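This report covers selected features of one protein chain. Please keep the sequence and the structure in view while reading.

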Amino acid sequence: MKINITEEENGITVKQYMASQKFSARLIARLKNKERGILVNGERKTVRCVLSAGDILELETEDSESSKNISLSYMPINILFEDEWFIAVEKPPHLPIHPSRRHIDDTLASRVMAHFEGTDFVFRVLTRLDLDTSGVVLVAKNAISAASFSKMLTERKVKKEYLAICEGVFENHDGIIDFNIRRTREFAMEREAVAKGISCGENSPEGNEAISEYYVVKQGKNATLVAFSPVTGRTHQLRVHSKAIGHPILGDTLYGSPSEYIDRQALHAQKLTFIHPFTKLETYISCPLPEDIKNCMKELFDE
């Protein structure tokens, strides 16, 4: 991995750069012990090396072994974006990201691993989606890009945009939903919205802070096409928030009711926007709408 040192990074040490990107102590130790683990302008350096603007920092990030317990699946995979650091793929509805007892053979992880067959690759997913939510999923190609992007997520520097079909008619064209979210009971999958209070953790009475922005894209007689941007990233956030304002997502059987138009929640992760941590370029990754949501829109919005 090659990193161009910017003016903002001028004068910091390699160790300080690694700390700014949230590198783990284990990863730093691994790079220090490799013959070509840390290079600056082609020369081997220690973590104490002071970097200057224009320097090229090279870090040997290749994994020494692949993820275990993930079988390969050769089902088609739609690659939306790929570079040296990341790969973004389309997750179809009903496809889990990780293997589980119920889903062993065909998962998103299995398909991505098959794409990298013949190389050492560890599956590090950065943006997670529920089983029945479709859309763009970003995967890191190495530990360094995973750490950098995770830091951006924590600092809320990644914009996620979803499209959903919600039940009912919205009174306001746009707004902010600001309810904390907590588990309904310990170890339960289901979450619930609670009045805004002091955030003390997901299992506390107050739950965790959760904020979602939205605007209405299209209004039908009994349904609304809504664009959501979650500011925070809580489990089931958009599904819980939609229910909290009286407009559950169509087809969401956990937080609403079944639908005659679609056999899952009509929720699609359509876009990611962020400043690339290494190229420093504004990066847009979009995912086309799946056929089931397109058909749903035709039925409900006369188009």
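Is Asn-33 buried or exposed, and why?

The model is a predicted one. In this model Asn-33 is exposed, because its relative accessible area is 66% and a residue counts as exposed when that value is over 50%. Asn-33 is part of helix H2, which covers residues 25-33. Along the chain, Asn-33 and Thr-46 are 13 residues apart, and 9.9 Å separates their C-alpha atoms.

The buried residues of H2 are Leu-27, Ile-28 and Leu-31. They line one face of the helix, because they fall within an arc of 100° when H2 is seen down its axis. An α-helix has 3.6 residues a turn, so residues three or four places apart point the same way. On the face turned away from this buried side, H2 carries the exposed residues Ala-25, Arg-26 and Asn-33. The buried residues of H2 pack against helices H1 and H4 and against strands S2 and S4.

## The sheet with strands S1 to S4

Strand S2, one of the packing partners of H2, belongs to an open sheet of four strands. The order of the strands across this sheet is S1-S4-S2-S3, and their pairing is antiparallel. Strand S1 (2-4) and strand S3 (43-44) are at the edges, where each pairs on one side only.

S2 is made up of residues 38-40, and two bridges link S2 to S3 in the antiparallel sense. In this pair, Leu-39 stands opposite Arg-44 of S3. Strands of a sheet pair through backbone hydrogen bonds, either parallel or antiparallel.

## The hairpin of S15 and S16

Strand S15 (residues 267-275) and strand S16 are antiparallel and are joined by five bridges. Leu-272 stands opposite Ile-285 of S16. The two strands form a hairpin, with six residues between them. Lys-280 lies in the turn and has a positive phi of about 65°.

## Helix H5

How many of the eight residues of H5 are buried? Six are, and the helix is mostly covered. The buried residues are Gln-237, Leu-238, Arg-239, Val-240, His-241 and Ser-242. Gly-246 follows H5 and has a positive phi, near 85°.

## The largest pocket

The largest pocket holds about 1,500 Å³ of space. It is lined by 45 residues, and those closest to its centre are Arg-128, Leu-129, Asp-130, Thr-235 and His-236. Four elements each supply at least two lining residues: helix H4 (143-154), strand S9 (159-167), strand S14 (223-230) and helix H5 (237-244). By class, the lining has 15 nonpolar, 16 polar and 14 charged residues.

## The second largest pocket

The second largest pocket has a volume of about 340 Å³. Of its 15 lining residues, Gln-21, Lys-151, Lys-157, Pro-277 and Lys-280 lie nearest the centre. Lys-280 is also the residue with positive phi in the turn between S15 and S16.

Helix H1 (14-20) and helix H4 each give at least two residues to this lining. The largest share, three residues, comes from H4. The lining divides into five nonpolar, four polar and six charged residues.

## The cavity

How many cavities of 30 Å³ or more does a search of the whole structure find? The search finds one, and the volume of this largest cavity is about 60 Å³. Strands S9 and S15 are the elements that give two or more residues to its lining.

The lining consists of Thr-127, Leu-129, Val-136, Lys-160, Glu-161, Tyr-162, Ala-269, Lys-271 and Leu-272. Five of these residues are nonpolar, one is polar and three are charged.

Note on methods: Residues numbered from 1 in each chain as written. Predicted model: local features only at pLDDT ≥ 70, side-chain atom pairs only at ≥ 80, totals over all residues. Heavy atoms only, no water. Pairing = 2+ DSSP bridges. 1 Å grid on protein atoms, 1.4 Å probe; cavity = no way out; pocket = protein on both sides within 12 Å on 5 of 7 lines; lining within 4 Å. Points joined across faces, edges and corners; volume = space filled by probe spheres on them. Nonpolar A, V, L, I, M, F, W, Y, C, P; charged D, E, K, R; others polar. Buried < 20%, exposed > 50% of the residue type's maximum accessible area, 1.4 Å probe, protein only. Arc of directions from axis to C-beta. Contact = heavy atoms within 4.5 Å.
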